[in-house]
Amino acid sequence: MIDDLITASVLASGIRLATPYLYAAIGETFGQRSGVLNLGVEGVMLMGAFTSLWAVYEVTPAGATSYYGPALLAGVLVALLVGLVMGLATAVINVTLQAQQGISGIGIYLFGLGMSDLLFQKVFGGQVITVNGFPKVDIPILSDLPVLGDIFFRQNLLVYLAFALVPVTWFVLNKTTLGLNIRAVGQNPEAADAMGISVTRVRYFTVTLGGMLASLAGASLSISLVNVFQQNMTAGQGFIAVALVYFGAWRARGVMFGALLFSLVNALQLQVRTKGIDVPDEYASMAPYLLTIIALIFASRRIDQPAALTKPFERGE
Amino acid sequence: MQLNLPQSLRLGRTLDALLPLFAVLLALFIGGLMILLMEANPLDAYQALWDGAFGTKNAVADTLVKATPLLLVGIGICISFRGGVINIGGEGQMIAGGLAAVAIGLKYKEADPTTVIIACLVGSFIAGALWGGIAGVLKAYFNVNEILSTIMLNQIATFSMMYLVRSEFIDPRQKYAAAPIPETERLPRSLDLPRIGGTLDDLYDFLGLSAADANQWGTTLLHNGIVIAFVLAILVYVLLWRTTIGYRIRAVGKNPRASRYAGIKVKRYVVLSLVLSGGFAGLAGGIQLLGVRHRMNAEGGAIAFTGNAGFNGIVAALFGGLHPLGTIPASILFGALLVGGNKLQRSVQVPSALITALIGLVIVFVVASDIFVRRRSRRRVAVAASEVSAETAEVRASP
Amino acid sequence: MKKLALLVSIVLVVAVAVPAFSSVAQAQDKLRVAVVMPSTKSDLAFSQSIIDALLAIQEERGEENFEFVFSENMFVVEDAATALRDYATEGYDLVIAHGSQYGSSLSDIAPDFPDTAFAWGTTVDTFRDQGITNVYAYEARSEEGAFVQGVMAALLSESKVIGIVGPIETGDAKLYVDGFKAGVLWQDPEIEVLVNYIQSFSDLALAAAAAEAMLAEGADVLSGTAQMVPGAVNKAKEVGALWFGTQSNQTSLAPEVVVSSQVYDWTVALNPIIEDVLAGEIMGEAYALTLENGGLLIEFNEDFELDEDVKAAGEEVMQAIIDGDISFEIDEEGVLTVVEAEEG
């Protein structure tokens with residue numbers, strides 16, 4: 001029975017589901033490592049989801065029956081641009097204006113939620129439009145591997161990119177001066193400032209990057225996973241992504257494990273119900289959330305959060 | 001030696017109070033542009049916003065009713081944030097409270113109503129406290145961050161509610177309906193929280209304020225939950241600033257390490273913060289149930305029951321400076337914004353998405369304006385300090 | 001922030017002390033209708049369909065005779081109650097509460113406005129037993145169209161595995177899913193029907209994953225209901241599985257694979273109500289959308305090459321339902337059974 005449930009298809013599905021969480025959570029990791037909490041990730045995701053779909057729609061020639069490369073590129077670029085703008089705004093609010101970070105995030109979330117829907121209604125009149133999004137790309141040779149090939153190497157580009165970001169993030173945070181600065185600013189901004197690191201500049205960078213990645217997370221939903229936009233289509237994924245940063249103890253690898261755990265359990269519970277196994281629907285849906293907590297209880301090490309998380313920094317304080 | 005603030009600084013304090021108001025106006029201005037974009041008239045829109053929140057007795061009643069759960073969640077947030085714990089589990093805790101209240105109410109339908117009402121409210125507080133307590137224990141003893149656990153627990157509570165309402169608690173009538181809607185039976189009317197409209201009418205008569213029109217407070221849905229919330233806000237203020245427990249909660253929030261050296265059992269107070277905070281959110285759920293909703297419905301998920309009060313309460317608390325007494329006007333204002341926003345949507349027929357975005361803008365602008373208030377107050381302290389030293393110097397210099 | 005408290009308290013006292021301004025109901029010749037809905041009007045489903053119906057009525061009767069306004073996203077019941085009360089106070093002739101959760105509020109509000117016609121959907125309860133006479137009820141017998149589509153799906157499926165994706169097992173969604181499944185099994189009891197309620201109305205990614213799981217099990221025909229189905233439709237399109245839609249015409253989502261959609265035409269219920277209101281007689285009756293009265297329509301996708309035999313079979317079943325040869329009974333557990341009339 002186990003191999004009925006844990007099939008290659010389920011695992012592949014889990015990896016796909018993890019993608020938006022991964023983008024958003026990695027973006028948030030950068031921000032939190034430097035001491036800034038952004039609860040507004042979901043709002044940026046929704047803006048990214050809509051604008052990228054809009055771009056793909058506009059650039060695709062009428063009557064196209066399959067994906068159109070330049071359109072997809074446009075979609076990604078637009079998402080990054082929108083994420084940049086919203087990330088900058090978030091940085092201004094949280095870093096320069098030193099707003100209370102828990103609540104500014106809620107404001108950004110509501111703004112993104114409303115604005116994305118508003119634009120959707122203004123541009124498409126609320127008509128649900130499908131686009132030809134990122135196609136599956138089989139990685140040569142690797143995709144022919146038995147079992148593993150089907151699971152890992154027959155995904156679309158945005159999925160590969162998300163997972164590729166994990167080692168890149170690890171490298172940046174641990175092996176570069178930038179990463180050192182980020183961590184220093186998050187642990188002890190006064191000391192970092194005294195050493196000549198511009199706390200403001202580092203935080204602006206991380207928060208803006210976080211915005212861009214959150215926006216890309218939304219795009220990974222609308223132009224690769226489901227190829228459509230609907231009002232509030234993220235349905236809480238942005239908040240889960242923030243939670244996953246804590247799960248991953250602010251490390252890229254941990255965040256990836258968290259995203260995968262959550263999504264694989266989700267894919268699994270869907271499979272359980274598809275197979276007709278008699279479990280109350282709501283319990284099955286609960287499983288990813290419950291298991292994430294349980295996993296953290298058992299895996300919990302004494303990793304402290306960045307000491308300066310949520311505390312704004314002002315020179316000469 | 002008197003410290004007389006010069007005229008300019010006294011004016012400054014008023015300006016401080018007005019700054020957030022300016023922020024709101026700025027947000028509304030941008031909102032006005034969005035309204036224009038959707039081809040509606042901003043002036044009509046904002047007139048509707050005002051009317052919807054304060055225009056009639058019914059509107060004011062709606063605003064206060066909307067503010068009640070915000071206030072209750074908010075005062076809980078004051079406790080938790082001051083205790084150094086970020087509780088975003090308000091939604092789940094409210095649901096736990098609502099479930100407890102509906103369970104007690106349905107089980108003891110026949111008993112004396114006043115007793116049952118009190119039992120429901122106490123039960124909802126306890127349920128919310130337990131739910132919050134789980135996150136507290138997870139944080140204190142298992143090092144599971146409360147942001148993660150409360151976000152997850154919210155969903156777990158939601159799914160549990162959906163399951164229970166669909167199966168155990170489902171309205172027996174629904175079972176025979178063609179297409180069963182997962183909702184519980186309506187609680188008996190005897191368990192409705194008493195309306196206070198009649199009392200207000202009497203007060204008006206007493207003060208000679210009655211207008212001759214037929215619109216009385218008595219016909220509004222204003223229930224005594226708002227009074228309960230007011231009283232509790234005052235009690236929490238007393239708790240936080242006038243009791244040892246409150247002192248310790250705040251100490252742990254400000255500096256856990258120093259508190260530990262001072263002998264305070266930090267872990268216990270972390271759990272306590274979340275327990276109390278969860279309790280108030282749970283109570284918010286119970287009051288929503290007994291005062292407004294009278295049944296639980298699983299169709300819309302968490303937000304249909306809570307109206308997002310679990311999150312909005314955080315906003316209200318922070319607008320109120322994390323002070324229970326400040327949370328009172330903050331939650332009324334926020335309630336006004338929500339109720340008025342709905343009226344705006346109805347009146348000028350803009351998409352509700354615009355209202356959502358507008359509320360987001362207001363939150364962002366107000367929260368961003370806070371820095372100017374803080375800078376001004378710091379400057380004030382600096383000026384006052386230099387005034388003190390100047391006066392001292394004068395006093396010393398004079399024979 | 002504390003000074004804010006003082007300022008606002010002053011504002012509040014002023015606002016409360018000012019005598020209420022009451023809204024004046026205008027004398028008008030045109031019929032004014034208001035609708036309160038639990039989701040957005042672009043949800044591709046429940047709320048969108050009632051708006052479409054009202055637009056159609058407005059088109060037919062002319063804008064100078066018929067005006068309607070809407071209140072959307074009223075998933076919080078007391079917000080909806082405020083809206084309903086507001087509309088009634090402002091003198092709207094017909095106030096539609098388009099959500100089954102609005103019942104309690106409506107039963108409180110309707111008696112206060114005996115001259116206003118209210119309509120409540122989807123339900124059959126008009127509160128007659130509580131002495132209320134100005135509330136109409138309307139519902140959609142979605143299981144009928146679902147059954148027809150299920151029959152066609154069974155004929156079209158080659159793998160003999162069919163999947164249905166639903167939101168929460170409630171109301172209209174349950175009727176559709178049960179009806180569809182019954183149709184499939186009625187046509188071919190050997191077919192394996194996979195059902196998954198994903199517990200969310202809005203999570204498209206989850207709907208997509210649910211569809212994927214079914215497709216991996218070999219399903220080659222899918223159906224589903226509610227706002228999040230575009231996720232599932234997209235997956236079907238990817239592998240060429242067929243799709244049957246409901247609550248709105250879903251052809252545009254995937255013209256290559258959508259076979260047909262069950263569309264709700266609420267005008268069938270609304271028009272008689274409007275006639276009553278225009279005649280000044282609020283009867284408070286219950287209406288249902290069925291295949292027979294044209295409230296439910298099966299709209300075929302013109303661009304899809306549907307096998308003539310399959311289409312004929314579908315139309316035959318549709319006729320049987322219309323004639324009453326096939327009907328549906330739902331027992332206290334909510335279980336749907338198909339009742340076939342005796343050969344006379």
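What does a side-chain oxygen of C:Asp307 reach at the start of α10(C)? The structure before you is a predicted model, and every value I quote has been computed from it. The side-chain oxygen of C:Asp307 comes to within 2.9 Å of the backbone nitrogen of C:Asp309.

Helix α10 of chain C runs over residues 308–323, 16 residues in all. From its first C-alpha to its last it reaches 22 Å, close to the 22 Å expected at 1.5 Å a residue. Just after the helix, C:Gly324 takes a positive phi of about 90°.

Which residues of α10(C) are buried? They are C:Val310, C:Ala313, C:Gly314, C:Val317, C:Met318, C:Ala320 and C:Ile321. Because these residues cover an arc of only 160° around the axis, they lie on the same side of α10(C).

I turn now to the aromatic residues. Over all chains, the structure holds 30 aromatic pairs. One of them is formed by A:Tyr289 and B:Phe159; this pair is tilted, at 6.0 Å centre to centre with 50° between the planes. A:Tyr289 lies in helix α13 (residues 281–299) of chain A and B:Phe159 in helix α6 (residues 146–166) of chain B, so the pair joins two chains. Both partners can be described by their accessibility: A:Tyr289 is buried at a relative accessible area of 11%, and B:Phe159 is buried at 7%. A second pair, C:Trp120 with C:Phe127, is stacked, with 5.1 Å between the centres and 5° between the planes. C:Trp120 and C:Phe127 are both buried. In chain A, ring pairs link A:Phe50, A:Trp54, A:Tyr57, A:Phe120, A:Phe124 and A:Phe229 into a cluster. In chain C, there is also C:Arg32, which lies over the face of C:Tyr92 at 4.0 Å from the ring centre.

B:Ser149 is found in helix α6 of chain B, and its relative accessibility is 0%, so it counts as buried. A polar atom of the B:Ser149 side chain lies 3.3 Å from the backbone oxygen of B:Glu146. Leaving out residues up to four places away in sequence, B:Ser149 touches A:Ile293, B:Ala135, B:Leu138 and B:Val144.

B:Glu183, by contrast, lies in a loop, between α7 (172–175) and α8 (197–207) of chain B. Is this glutamate buried or exposed? B:Glu183 is buried, with a relative accessible area of 7%. Which side chains does the side chain of B:Glu183 meet in polar contacts? They include that of B:Arg295, at 3.5 Å, and that of B:Asn297, at 3.3 Å. Beyond its neighbours within four places in sequence, B:Glu183 is in contact with residues including B:Val165, B:Phe169 and B:Met296.

B:Val85 is buried, with a relative accessible area of 1%. Among the residues it touches, not counting those up to four places away in sequence, are B:Lys139, B:Glu146 and B:Val270. B:Val85 and B:Leu37 are 48 residues apart in sequence and 41 Å apart in space, C-alpha to C-alpha.

I close with backbone geometry. Most residues other than glycine have a negative phi, and most peptide bonds are trans. The peptide bond from C:Gly121 to C:Thr122 is cis, with omega near -5°. C:Thr122 lies in the loop between β4 (117–121) and β5 (135–140) of chain C.

Two residues other than glycine have a positive phi to report: A:Ala235, near 45°, and B:Asn308, at about 70°. A:Ala235 is in the loop between α10 (199–225) and α11 (237–247) of chain A, and is partly exposed at 31% relative accessible area. B:Asn308 is in the loop between α13 (302–306) and α14 (309–319) of chain B, and counts as buried at 15% relative accessibility.

Conventions: Residues are numbered from 1 along each chain as its sequence is written. Chains are lettered from A and ligands numbered from 1 in the order in which they are written. This is a predicted model: local features need pLDDT of at least 70, side-chain atom pairs count only at pLDDT 80 or more; totals for chains, interfaces and linings use all residues. Side-chain values use heavy atoms; hydrogens and water are left out. Helices (H or I, at least four residues) and strands (E, at least two) are DSSP runs, numbered from the N terminus. The expected span of a helix is 1.5 Å times one less than its number of residues. Buried means under 20% relative accessible area, exposed over 50%, partly exposed in between (1.4 Å probe, protein chains only). The arc is that of the directions from the helix axis to the C-beta atoms. A polar contact is a pair of N or O atoms within 3.5 Å; within protein, one must be able to donate a hydrogen and the other to accept it, and residues adjacent in sequence count only if both atoms are side-chain atoms. Rings of Phe, Tyr and Trp (its six-membered ring) pair if their centres lie within 6.5 Å; planes under 30 degrees apart count as stacked, over 60 as edge-to-face and the rest as tilted. A charge sits over a ring if NZ of Lys or CZ of Arg is within 6 Å of the ring centre and within 35 degrees of the ring normal. Contact means heavy atoms within 4.5 Å.
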